[in-house]
Amino acid sequence: MKNVLSKITLFLVAAVIVISSLGIQPASAASNPFKDVSASDEEILYLWNRGLINGVSKTSFGPEQAVTREQAAALIGRAIGLNKTLRKTKFSDVDPGRYSSGYIQSAVDKGIITGDSDGKFRPYDTMTRGEMAFLLSRAFNYNKTGNVFFSDITTNNTSTSLYTAVNKIAVAGVSNGTGTGTFSPTKKLIRSEFAAFVARALNANYRVAYKNTTVANLNVTVNALNVRTGPSTGYGSIGKLNTGAPFQVYGYNGSWAYGKSGTITGYVSTAYLAKAAPATANSRFITIDPGHGGSDPGAVANGLLEKSINLDVSKRVETKLKAKGIKVYMTRSTDVFHTLGARVDKGVASGSNAFVSIHTNAATAAASGSETFYSASVGNDSKQLATFIQNRLYKAMDHPNRGVKNYGFQVLRTNPLPAALVELGFITNQYDAAKLASGTYKDRAATAIADGIQDYYNWKAKN
Ligand SMILES: [Zn+2]
């Protein structure tokens with residue numbers, strides 16, 4: 001099939017040269033004869049301008065109409081340059097004089113289509129999206145598969161399965177499903193969809209990226225559980241998870257779940273996963289992450305080091321939380337350096353169920369006040385956690401309230417736990433710095449953060 005593909009490429013290159021030498025506008029300013037196709041339906045116009053697809057009449061394309069098996073064979077045949085010479089086919093129900101007969105027989109010869117066991121092709125039957133996946137994966141010789149999961153298709157790694165065909169076209173960027181992790185394999189294929197799929201197969205500019213969807217939120221039930229690169233113990237381990245670590249499942253492959261915990265994405269055995277217990281008074285367990293440390297001082301101004309303020313306040317938060325009966329995991333308790341990824345992984349692996357990173361801000365000398373961040377990209381209770389802390393913090397610090405802000409800091413955006421990042425005040429502002437140097441204010445900040453975390457767990461218990 002490689003030679004077929006290079007022939008298409010050659011054909012397209014030749015066509016582009018001819019078009020540009022004639023001074024004709026290429027596809028971006030394509031002509032559009034169809035009343036039912038808008039200029040934004042670029043894939044349809046791309047195919048029509050290359051003579052690969054026709055309308056159902058001169059002025060309508062019929063985007064919502066179902067695709068027949070005959071139409072599909074003809075479009076694929078034109079797209080990959082199959083021999084179209086009208087001829088007798090191996091099927092009793094295809095008229096040799098019919099426009100599609102050459103494409104159908106050529107596609108059979110190349111193993112792209114098969115008929116029914118009764119020797120019939122059923123040219124006027126409509127196609128499903130699942131049948132289309134088989135057709136496209138064979139026509140374009142897609143061989144690469146990946147960690148692709150759709151909740152309405154059972155994972156089946158055999159080479160002839162529907163799953164494998166759909167997996168191949170998803171990896172090739174031809175289809176990313178019908179939204180929220182489904183592919184709808186039994187749904188009737190309509191002409192606009194089919195045009196989009198074929199255009200993507202021919203032109204990388206139209207391709208779409210497959211994205212994982214979470215189908216379950218589970219927790220690890222053993223310590224040192226291996227996360228592997230594939231669905232068996234024969235695959236290498238890329239990390240370990242401990243009891244209680246959350247695991248976002250994207251899909252299942254036999255007795256293995258593919259998903260994500262912290263910054264690790266891979267396969268774990270489903271024997272060691274269980275449904276997460278809802279938060280109760282007994283499951284108040286938080287990670288406190290004192291920002292920076294070791295070789296990384298963070299911001300430095302007014303004779304102060306950010307890493308030292310962060311650690312001092314964090315240790316006070318730890319003491320106050322423990323006094324409230326809230327379990328605490330500290331990503332560091334001494335002056336050491338950890339990467340941002342390691343901080344998230346440690347917090348997740350500890351089995352804690354929320355994460356608060358503590359920092360000190362820096363900007364121009366005039367900037368002053370407290371602010372707390374969360375990442376909206378995660379879609380959990382991070383905003384509530386940030387809000388409960390911020391509402392107490394700025395008051396305790398006698399500071400301007402700079403508010404609760406959405407920002408994709410790495411420890412927030414890559415964190416599967418509800419997570420907040422606190423900026424106590426500005427080390428670069430002389431008045432804020434004086435408070436950050438004072439034991440009284442550091443203690444007030446710690447009380448506010450611990451109380452805010454308690455507010456969060458009280459709210460969780462009711463929600
Ligand atoms: Zn910082």
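Trainee: What is the helix and strand content over residues 87-150, and how far apart are the end C-alpha atoms?

Mentor: The chain there is 31% helix and 0% strand, with its end C-alpha atoms 40 Å apart. Helices (H or I, at least four residues) and strands (E, at least two) are DSSP runs, numbered from the N terminus. This is a predicted model, in which local features need pLDDT of at least 70 and side-chain atom pairs count only at pLDDT 80 or more, while totals for chains, interfaces and linings use all residues. Residues are numbered from 1 along each chain as its sequence is written, and side-chain values use heavy atoms, with hydrogens and water left out.

Trainee: Which residues does UniProt list as "domain: SLH"?

Mentor: The unreviewed UniProt entry lists residues 27-86, 87-150 and 151-212 under that name; such annotations may be inferred rather than shown by experiment. Over residues 151-212 the chain is 35% helix and 0% strand, and the end C-alpha atoms lie 11 Å apart.

Trainee: What are the domains of the protein chain?

Mentor: The chain is divided into domain 1 (28-206), domain 2 (216-275) and domain 3 (281-462), with bounds from an automatic or database domain assignment. The centres of domain 2 and domain 3, taken over C-alpha atoms, are 29 Å apart. Their contact (heavy atoms within 4.5 Å) takes 11 residues from domain 2 and 9 residues from domain 3.

Trainee: What makes strand S11 and strand S14 edge strands?

Mentor: The open sheet of 6 strands has the order S11-S8-S12-S15-S13-S14, with mixed pairing. Strand S11 (327-330) and strand S14 (401-406) each pair on one side only, and are thus its edges. The twist averages 20° from one strand to the next.

Trainee: Why is S12 described as largely enclosed?

Mentor: Because 8 of the 8 residues of S12 are buried, that is, under 20% relative accessible area, where exposed is over 50% and partly exposed lies in between (1.4 Å probe, protein chains only). Ala354, Val356, Ile358 and Thr360 are buried on one side, and Phe355, Ser357, His359 and Asn361 on the other.

Trainee: What makes His359 a donor of the zinc ion, and which other residues coordinate the ion?

Mentor: Donors are N, O and S atoms within 2.8 Å of the metal (3.2 Å for Na, K and Ca), and sites may look incomplete because water is not among the atoms. His292 (NE2), Glu306 (OE) and His359 (ND1) coordinate the zinc ion at 2.1 to 2.2 Å, with the spacing H-x13-E-x52-H along the chain. His292, in the loop between strand S8 (285-290) and strand S9 (300-301), and His359, in strand S12 (residues 354-361), are 67 residues apart. At 11% relative accessibility, His359 counts as buried.

Trainee: Why does Arg444 count as partly exposed?

Mentor: Its relative accessibility is 33%, so Arg444 falls in the intermediate class. Arg444 lies in helix H13 (residues 439-462). Leaving aside neighbours within four places in sequence, Arg444 is in contact with Lys395, Ala396 and Asp398. Arg444 and Arg316 are 128 residues apart in sequence and 9.6 Å apart in space, C-alpha to C-alpha.

Definitions and conventions: Two strands pair if DSSP finds at least two bridges between them. Axes are lines fitted to C-alpha atoms, for helices over the stretch in contact, and angles run from 0 to 180 degrees between N-to-C directions.
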